[in-house]
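Reader: Before we go into the details, could you take me through this model and set each label against its definition?

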Amino acid sequence: MDSYVPATNTVSFGAVVFRFSWIYVLAAIAVVVIAFLLEAFLHIDMSKNSFLGVLPLMTAGSGTGKYYATRTGMKPRGVKAWLIALVGFVISLAFNLAVIFGFIALTDSWQELGSLGSFRLRGEEQWLVPLALGGLFLLFVALTRLFLWMGANPVVKKMRKDVTSAF
């Protein structure tokens, strides 16, 4: 499939993870700032837009996929692609948890964290929690993998087109 495009370089896993990390952090900050500005100046309620949380993941995934394809001449594949997606999602999860706990620490609202325990499932329903969390984890890893592909695919297509039009 990618045989038309010569691999020009290799890219280290650390470079890919670093690229994903800084794109994710910048995109997350940008989403928060834009949402704040929209609420403050245009009075648009952004709390009802659940897609905003996926935007940084989409931006980081597609940007990393583009970077990988530009450097190597191919899309990330197989185990490497899934490993990039898994590590990328774990990075995004760690960043979000750090922001949440940082906000709780800054606002000294630790008692609010205790109210999360008020949602209790009874005996037979408790198996749903790990099942739901595992399903969400798999969904977001798969989404991150999709975003990697979305970033890499146009780059590889353009490279193929350039190579075939050169003849």
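**Helix packing and the labels behind it**

Author: Helices H1 (residues 13–42) and H2 pack with their axes 8 Å apart, at an angle of about 145 degrees. Axes here are lines fitted to C-alpha atoms, for helices over the stretch in contact, and angles run from 0 to 180 degrees between N-to-C directions. This is a predicted model, in which local features need pLDDT of at least 70 and side-chain atom pairs count only at pLDDT 80 or more, while totals for chains, interfaces and linings use all residues. Residues are numbered from 1 along each chain as its sequence is written, and side-chain values use heavy atoms, with hydrogens and water left out.

Reader: Which residues make the contact between H1 and H2, and what makes them a contact?

Author: Contact means heavy atoms within 4.5 Å. On the H1 side the contact includes Ala15, Val16, Arg19, Phe20 and Ile23, and on the H2 side Leu55, Pro56, Leu57, Tyr67 and Tyr68 are among the residues. The residues of this contact divide into 14 nonpolar, four polar and one charged, where Ala, Val, Leu, Ile, Met, Phe, Trp, Tyr, Cys and Pro count as nonpolar, Asp, Glu, Lys and Arg as charged, and the others, Gly among them, as polar.

Reader: What makes an element of this protein a helix, and how many are there?

Author: Helices (H or I, at least four residues) and strands (E, at least two) are DSSP runs, numbered from the N terminus. By that reading the protein has five helices and zero strands, and its elements run α-α-α-α-α from the N terminus on.

Reader: Which label does Trp82 take, and why?

Author: Trp82 counts as partly exposed because its relative accessibility is 44%. Trp82 lies in helix H3 and touches Val141, Ala142 and Arg145, again not counting residues up to four places away in sequence. The C-alpha atoms of Trp82 and Leu148 are separated by 9.5 Å, although these residues are 66 apart along the chain.

Reader: Where do the buried residues of H1 pack?

Author: The buried residues of H1 pack against H2, H3 and helix H5 (128–165); among them are Val16, Val17, Phe20 and Ile23. Across the protein of 167 residues, 28% count as buried.

Reader: Where is confidence lowest and where is it highest?

Author: pLDDT is the predictor's confidence in each residue, from 0 to 100. Confidence is lowest in helix H4 (residues 110–114), at a mean of 65, and highest in H2 (residues 55–72), at 93. Over residues 1–5 the pLDDT is below 50, and this stretch has 13 contacts in the model beyond near neighbours in sequence. Where pLDDT is low, the predicted coordinates should not be read in detail. For the protein the mean pLDDT is 84, with 86% of residues reaching 70 or more.

Notes: Buried < 20%, exposed > 50% of the residue type's maximum accessible area, 1.4 Å probe, protein only.
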